[in-house]
Amino acid sequence: ESPELKLKDGVLSGTGKTFDIRIHALCAQEPDTAKWVERLEAQADQPMDVAADWAAHCQWWSEFWNRSWITVTDNTLSAEEQGHIDHEGYIRHREVIDNGALVAQSYNVFRYIMACQSRGRIQSKFNGGLFTQPLRYGGKPRMVATQVDDTTWISHEDDRDWGRRFTYQNQRLLYWPLLMSGDFEMLQPFFMYYSDMLPVRKAVTKAWFGHDGAYYRENIEPTGGERDCGRTGKPLKTPPGENKGQGYYHSFYFTSGLETIAMMIEYAKYSGDTEFRDQVLVPFAREVLLFFDKHYPRDPDGKLRIDPGMVLETWWVAVNAAPDVSGLLHCLDELLAMKAGTTEDIAGWQRFRKEIPDVHLHEIEGRMAIAPALSWSVKKNSENGLLYPVFPFRRFGIGMGTKDIVEWTCRHRTNPNRFGYKCWTQDQIHWAYAGNAFEASEGLVHRYRNASPNCRFPLYGSEGPDSCPDFDHFGSGSTALQRMLVQEAAGKIHLLPAWPAIWDAE
């Protein structure tokens, strides 16, 4: 569509030096093709007001950038060197002078990317979102690609690893930073995706396990259906005490629902949105918590015994895994403190809270640290599940007076700086909660010096273990930067809890 051009026989033609060309897309479900075309044409027939559209566009972005920002510079550099960032295009590691500026640039560009792609009905996909593109490879990649004249390989722009399904360990990291930056409207597609599928997940839980509640696993289709990629595609029904590690990466891993509750709680607290609290958070929390209540037995002391269990995808045989125990404690305590839910909800959550065991600690070289579980074995993947009681389920941290425990746990974490500080690893977030400015900032610099050699834009996370563009790589780093500047604990706001003295920030 263009006021200056005419379309005839599929050809757009005309003369002039300036053209306003608009391409219309209709995102609607319509069984009748003719009606779909009719709706699209009606949309295209609406009068255009370029001046008004441009003014609205500028106003939206102005309000967005004035809502929240972080800028950083290295105060040991000269004025000429501060803010200097160089080397873009088809490189593996960025060489920069001002590391603080590099970290802030990565934070702000990621926020911009999320603003571009998180205002629709469906959450953005961590590996590409709207920004998939042909990628250049030196050798033949694992995805479909075509070899070109210079012997490199070019992938198809629509290809990405893991297909259409949403993998929670990645997805959540795109949305955690949006809480502290106040980008509440951009959070809605994430929350609604999991909330809207609650009836499906309740039905799946009832049909497969035979009890009430709703479980959410790592891999779920856009429809809400099961996607495990395991041997059967379904979670196992192994009795307590008989888990020998014969399952798959997600067979007993149901932590995703708890973390979604934790994020919904944070949103309700940040925003004061009581309608969301009552109509989204409470119904969702009710069913996820009911699953854990119904699914697991109690020990002789009447405490919940999460068995069979896993520590995320890392330890395939576990009892009372730290992520699940801390997630239950965190979510129940927060919901009760908010006085959320009905009288019946509150009574049930108070009873259930008394049945949750403590997060298990153990001694390492004479000092206490958080353990991955009460018992754990059969290592397969690379998450640091023992630090989930620090983040996302805040039971320990510098603001809670347990800096020493977090610091010692970080020193002895299962998987330090895996994948070269890339992807969904959370090391810098956990160092921030330990109050360790050096480890947090150094890790962020390593993280953001990684660039994808497959595309020219250096703000796309590179492949390994997940495909390019890898946005959870930046979501994790953005969350860490925020927590280095500000943390909240026990009703108090802590400023600069893990901030390096050589970086200045606004």
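Helices α14 and α15 run roughly antiparallel to each other, a label used for angles over 145 degrees. In this predicted model, local features need pLDDT of at least 70 and side-chain atom pairs count only at pLDDT 80 or more, while totals for chains, interfaces and linings use all residues. Residue numbers start from 1 along each chain as its sequence is written, and side-chain values use heavy atoms, with hydrogens and water left out.

The axes of α14 (residues 437-449) and α15 (residues 472-485) cross at roughly 155 degrees and come within 10 Å. These axes are lines fitted to C-alpha atoms over the stretch in contact, with angles from 0 to 180 degrees between N-to-C directions. Helices themselves are DSSP runs (H or I, at least four residues), numbered from the N terminus. On the α14 side, A440, S441, L444, R447 and Y448 meet residues of α15 including H473, F474, L481 and M484; contact here means heavy atoms within 4.5 Å.

S256 counts as buried because its relative accessibility is 3%, where buried means under 20% relative accessible area with a 1.4 Å probe, protein chains only. Leaving aside neighbours within four places in sequence, S256 touches Y168, Y216, R217 and E218.

As for the cysteines, the disulfide count comes to zero, a disulfide being a pair of cysteine sulfur atoms within 2.5 Å. The sulfur of C423 has its closest cysteine sulfur in C468, 11 Å away, so a bond is out of reach. C423 is buried at 0% relative accessibility, and C331 is buried too, with a relative accessible area of 0%.

Methods: Buried means under 20% relative accessible area, exposed over 50%, partly exposed in between (1.4 Å probe, protein chains only). Helices (H or I, at least four residues) and strands (E, at least two) are DSSP runs, numbered from the N terminus. Angles under 35 degrees count as roughly parallel, over 145 as roughly antiparallel, 65 to 115 as roughly perpendicular and the rest as oblique.
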